[in-house]
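Here is a brief report on one protein chain.

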Amino acid sequence: MFGLIARNSSRRICQSFASLSRYNSTLVIVEHNNESVTPITLNTLTAASKIGGEVSCLVAGTGCGKVVEELSKVSGIAKIMVADNEAYKGFLPEALTPLLVATQKQFSFTHIASGATAFGKNLIPRLAAKLDVSPISDIIGIEGPDTFVRTIYAGNAVSTIRSLDPVKVFSVRGTAFEAAEVGEGAAASEQAPDPGSTNDLSEWESQALSKSDRPELTSADNVISGGRGMKSGDNFELLYKLADKMNAAVGASRAAVDAGFVPNDMQVGQTGKIVAPQLYVAVGISGAIQHLAGMKDSKVIVAINKDPEAPIFQVADYGLVADLFKAVPEMTEILEKK
C-alpha cells in the first residue's frame, strides 16, 4: 500500500511539473550585427527550449530586417518582436534595458535569456536589477524551470542553484548547448512594445572591427593559442602561419594579452572568451586555472611547452615537450607539403 501511494504521489508531482511547464514563456534577447544572427543566440534558443513553454525572441537594432528574416527560419520560435530604431545603435544597455522592461511588463515572461558574451554580460545584470531579481550567469545546464547548473571557482566546481524569483534572468554558455537548427521554422514577427523613454545616459560614438580571413574565435573548429612563452607579439606570426594552414582561429592567454603581445579580443579564459573547438592547440601556455576555464571543454587538447611540469599537460590529450620556436615552424612546414 505504501509503495502504491508513493508511486501515485510521484506520478502526480511529475504531472504537476509537466502542467507548470506549459505556462512557462521565455524571451531570448537576440545578439546580432544588424546583418546576421550571432551564433551564440542559436545555442541560447536551444537552452530556452529545455525550459518548456513558448519561446519568443526580441530583435533590437537599426536596419535589422535581415536578422529577422534569418531568425524566422529557426524552428521552435513562437514569435519575433522587432524594435528597429536609431536609439538602439551600438546595442547600448542603457537603451536596451527600458525596451526589455516594457516588453516584460506587457508579456510577463517567466524567463529572459541571453548568450554569455560581452553583449549579454553587459545587459543581463542591468536588466535583472531593474526587475529586482538576481541574475544567473553563464549557465551550462537546465534541470528544471527554476533549477540551473553553472560552474564556480574558475570551473573547478559545478553548482546547481534554484531560483525563487518570479522571472528568471540568465545568460547561457554557448559551448554547453547545441545550436538550434535553421531552415524549418516559420515564426511571425511583430512590433515590440515602445518603452516611451530616451537614453540620456550614454551615447554611441563608433567602433573599429578587426577583419580577418580566419574563423571567428568562439565558433572555430580549430583554435591555436599562444601564451607568455611566445615572448613578443611579433612571434605570434608563427601561430598565424600555422593557423592559416589549419583553417584555425588564433587566441591567447591572459598573460600574453596583459603583456601587450596581442589585443584583448583574442583572450581565451575565465575573463575572456569561452571556446570548445574540435582541436585546441596551446602553445607556450602554462595552464593557469583561469585559462583552463575557457578551453577545457575542447574535444582534443594539444599542448606544446618546454616545461614538462607545466599544468597544461594535466588536461592535454597530447603533449609535446619542446621549444615552440622549433616545433611550430616544423609543424607548419609539414602542413605545407600536404
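Which residue in β4 is the bridge partner of Thr26? His111 is the partner.

## Basis of the model

This is a predicted model, in which local features need pLDDT of at least 70, side-chain atom pairs count only at pLDDT 80 or more, and totals for chains, interfaces and linings use all residues. Residues are numbered from 1 along each chain as its sequence is written, and side-chain values use heavy atoms, with hydrogens and water left out.

## Overall build

The protein chain holds nine helices and 14 strands. Helices (H or I, at least four residues) and strands (E, at least two) are DSSP runs, numbered from the N terminus. The C-alpha trace spans about 65 × 65 × 35 Å along its principal axes. For 338 residues, a compact globule would have a radius of gyration near 20 Å, and the 22 Å of the protein chain agrees with that. This radius is taken over C-alpha atoms, and the globule rule is 2.2 Å times the number of residues to the power 0.38.

Of the 338 residues, 47% are buried. Buried means under 20% relative accessible area, exposed over 50%, and partly exposed in between (1.4 Å probe, protein chains only). The accessible surface comes to about 17,700 Å², and carbon and sulfur atoms account for 49% of it. Areas come from the Shrake-Rupley method with a 1.4 Å probe; for residues, only the protein chains shown count as cover. Among contacts (heavy atoms within 4.5 Å) with a separation of 6 or more, 65% link residues 24 or more positions apart.

β1 covers residues 25-29, and five of its five residues are buried. Ser25, Leu27 and Ile29 point one way, Thr26 and Val28 the other.

β1 runs parallel to β2 (residues 54-61), joined by five bridges. Ile29 stands opposite Leu58 there. β1 also pairs with β4 (residues 111-115), again in the parallel sense, over three bridges. Pairing requires at least two DSSP bridges between two strands.

Asp138 has a phi near 55°, positive in a residue other than glycine. Asp138 lies in β5 (residues 135-144). Its relative accessible area is 17%, so Asp138 is buried.

Lys231 has a positive phi of about 75° and is not a glycine either. Lys231 sits in the loop between β10 (222-226) and α6 (237-246). At 56% relative accessible area, Lys231 is exposed.
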